[in-house]
Amino acid sequence: MASVDLWRLRCRAGMVVLYGTAGVLHVAFPAPFVAITPSWVPDAPEVILLTGLCEIAGAIGLLIPALRKYAGIALALYAVLVFPANIKHALDSLSAPEVAPWQWLYHSVRLPLQPVVVWLAVFAGGVVTWPLRCNRPRRQAGG
């Protein structure tokens with residue numbers, strides 16, 4: 001197995017676990033997620049249920065070769081769309097009267113990693129290989 005394929009498989013497994021677990025948590029324990037939902041989002045409990053189902057569907061989609069690319073794109077878009085909730089969560093947590101050091105650590109790592117999560121979704125879905133390998137054939141010298 002080529003090294004890019006092995007990394008894609010590992011990333012796919014990680015994304016399946018990450019999104020599958022997050023989806024189940026959104027469905028089973030929605031209250032913490034409703035609490036970090038920005039106020040401009042209508043019907044927050046229903047949106048949280050829907051996002052949990054989307055995460056579960058995306059995780060399952062990554063496991064099905066015919067759906068893998070669509071799932072990767074959908075999960076990448078999902079990661080972009082939920083970023084406002086991640087920002088609200090950080091602002092709420094870090095503006096509390098007492099903030100634990102682990103909260104600073106969590107948010108200072110979590111927020112900058114969101115673009116990486118977006119890339120991991122499309123990489124795991126087989127949409128991109130960058131920066132690991134270029135898909136374009138190389139031009140031959142002199143030809």
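Analyst: First, the ground rules. This is a predicted model, where local features need pLDDT of at least 70, side-chain atom pairs count only at pLDDT 80 or more, and totals for chains, interfaces and linings use all residues. Residues are numbered from 1 along each chain as its sequence is written, and side-chain values use heavy atoms, with hydrogens and water left out.

User: What makes up the secondary structure of the protein?

Analyst: Seven helices and zero strands. From the N terminus, the order of elements reads α-α-α-α-α-α-α. The labels come from DSSP runs: helices are H or I with at least four residues, strands are E with at least two, and numbering starts at the N terminus. Along its principal axes, the C-alpha trace spans about 65 × 30 × 25 Å.

User: Why is threonine 51 called buried?

Analyst: Threonine 51 has 14% relative accessibility. Buried means under 20% relative accessible area, exposed means over 50%, and partly exposed lies in between (1.4 Å probe, protein chains only). So threonine 51 counts as buried. This residue sits in helix H3. Of the 143 residues of the protein, 32% are buried.

User: Why does aspartate 43 count as exposed?

Analyst: Its relative accessibility is 55%, so aspartate 43 counts as exposed. Aspartate 43 is in the loop between H2 and H3. It also has a positive phi of about 50°, although it is not a glycine. Most residues other than glycine have a negative phi.

User: Why are threonine 21 and leucine 113 partly exposed?

Analyst: Threonine 21 has 44% relative accessibility, so it counts as partly exposed. Leucine 113 has a relative accessible area of 39%, and therefore gets the label partly exposed. Threonine 21 belongs to helix H1, while leucine 113 is in the loop between H6 and H7.

User: How do you know that lysine 88 and aspartate 92 form a salt bridge?

Analyst: Their closest N and O atoms are 2.6 Å apart. A salt bridge needs a side-chain nitrogen of Lys or Arg within 4 Å of a carboxyl oxygen of Asp or Glu. The pair passes, and lysine 88 forms a salt bridge with aspartate 92. The count by this rule is one salt bridge. Both residues lie in helix H5, four residues apart, about one turn of the helix. Lysine 88 is at 22% relative accessibility, so it counts as partly exposed. Aspartate 92 is at 40%, so it counts as partly exposed as well.

User: What does glycine 72 touch beyond its sequence neighbours?

Analyst: Contact means heavy atoms within 4.5 Å. Not counting residues up to four places away in sequence, glycine 72 touches Leu62, Ala121, Val122 and Gly125. Glycine 72 lies in helix H4. Its relative accessible area is 0%, so it is buried. Glycine 72 and phenylalanine 123 are 51 residues apart along the chain, yet their C-alpha atoms are separated by 7.3 Å. Among contacts between residues at least 6 apart in sequence, 67% join residues at least 24 apart.

User: Which residues touch the most other members of the largest nonpolar core?

Analyst: Met15, Tyr19, Leu62, Leu75, Val117 and Ala121, out of 18 residues in the core. H1, H3, H4 and H7 each give two or more residues to this core. A nonpolar core is a set of buried Ala, Val, Leu, Ile, Met, Phe, Trp, Tyr and Cys residues joined through side-chain atoms within 4.5 Å. In soluble globular proteins, nonpolar side chains tend to be buried together.

User: What lines the largest pocket, by residue class?

Analyst: The lining divides into 25 nonpolar, seven polar and two charged residues. Nonpolar covers Ala, Val, Leu, Ile, Met, Phe, Trp, Tyr, Cys and Pro; charged covers Asp, Glu, Lys and Arg; the others, Gly among them, are polar. The largest pocket has a volume of about 930 Å³. Of its 34 lining residues, the closest to the centre are His26, Glu55, Tyr78, Val82 and Asn86.

User: What makes a space a pocket and not a cavity?

Analyst: The test uses a 1 Å grid over the protein atoms alone. A cavity is a set of points where a 1.4 Å probe fits but cannot get out. A pocket is an open set with protein on both sides within 12 Å along at least five of seven lines. Lining residues have an atom within 4 Å of a point. Points are joined across faces, edges and corners, and the volume is the space filled by probe spheres set on them.
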